[in-house]
Amino acid sequence: MGGSGGNDRQTSEANATTKLSSSDLETAFGQQLSAAGWTRLARGADGPVAWSTWKLPGDGDWRGVLFINETGAERRSLLVRAELLQ
């Protein structure tokens, strides 16, 4: 769908068509974030929503969130956001 950002934050949003649950998608995308050096701090799932929080590698104290919402039988809304803590 798109993304935006600035010096202290980056956001990316997408929609997916899949039969995977939000929790299963969080696991799959979480593996990709881990492979990129992100460290999972917390995660959860309740009904149609799954989320996780992350510490990003590199300079500065960057934190991230992955949020997935089941918005239809086979439709998922995904959001990834990274933000520099001040």
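Lys and Arg count as positive and Asp and Glu as negative, while His and the chain ends are left out. Each charge is placed at NZ of Lys, CZ of Arg, CG of Asp or CD of Glu.

This is a predicted model, where local features need pLDDT of at least 70, side-chain atom pairs need pLDDT 80 or more, and totals for chains, interfaces and linings use all residues. Residues are numbered from 1 along each chain as its sequence is written, and side-chain values use heavy atoms, without hydrogens and water.

**Charges.** Select the charged side chains. You get 9 positive and 10 negative ones. The centres of the two sets lie 2 Å apart.

**Cartoon.** Now colour by secondary structure. From the N terminus, the order is β-β-α-β-β-β-β.

**Core.** Next select L25, L33, W38, W54, L56, W62, L66, I68, L78 and A82. These 10 residues form the largest nonpolar core. Such a core is a set of buried Ala, Val, Leu, Ile, Met, Phe, Trp, Tyr and Cys residues joined through side-chain atoms within 4.5 Å. Buried means under 20% relative accessible area (1.4 Å probe, protein chains only). α1 (22-35), β5 (62-70) and β6 (75-84) each give two or more residues to this core. β5 gives the most, with 3.

**W62.** Zoom in on W62. Which residues does W62 contact, leaving aside neighbours within four places in sequence? They are N7, D8, R9, W54, K55, L56, A82, E83 and L84. Contact means heavy atoms within 4.5 Å.

**Whole chain.** Zoom out. Of the 86 residues, 22% count as buried. The C-alpha trace spans about 40 × 25 × 20 Å along its principal axes.

Key. Buried means under 20% relative accessible area, exposed over 50%, partly exposed in between (1.4 Å probe, protein chains only). Helices (H or I, at least four residues) and strands (E, at least two) are DSSP runs, numbered from the N terminus.
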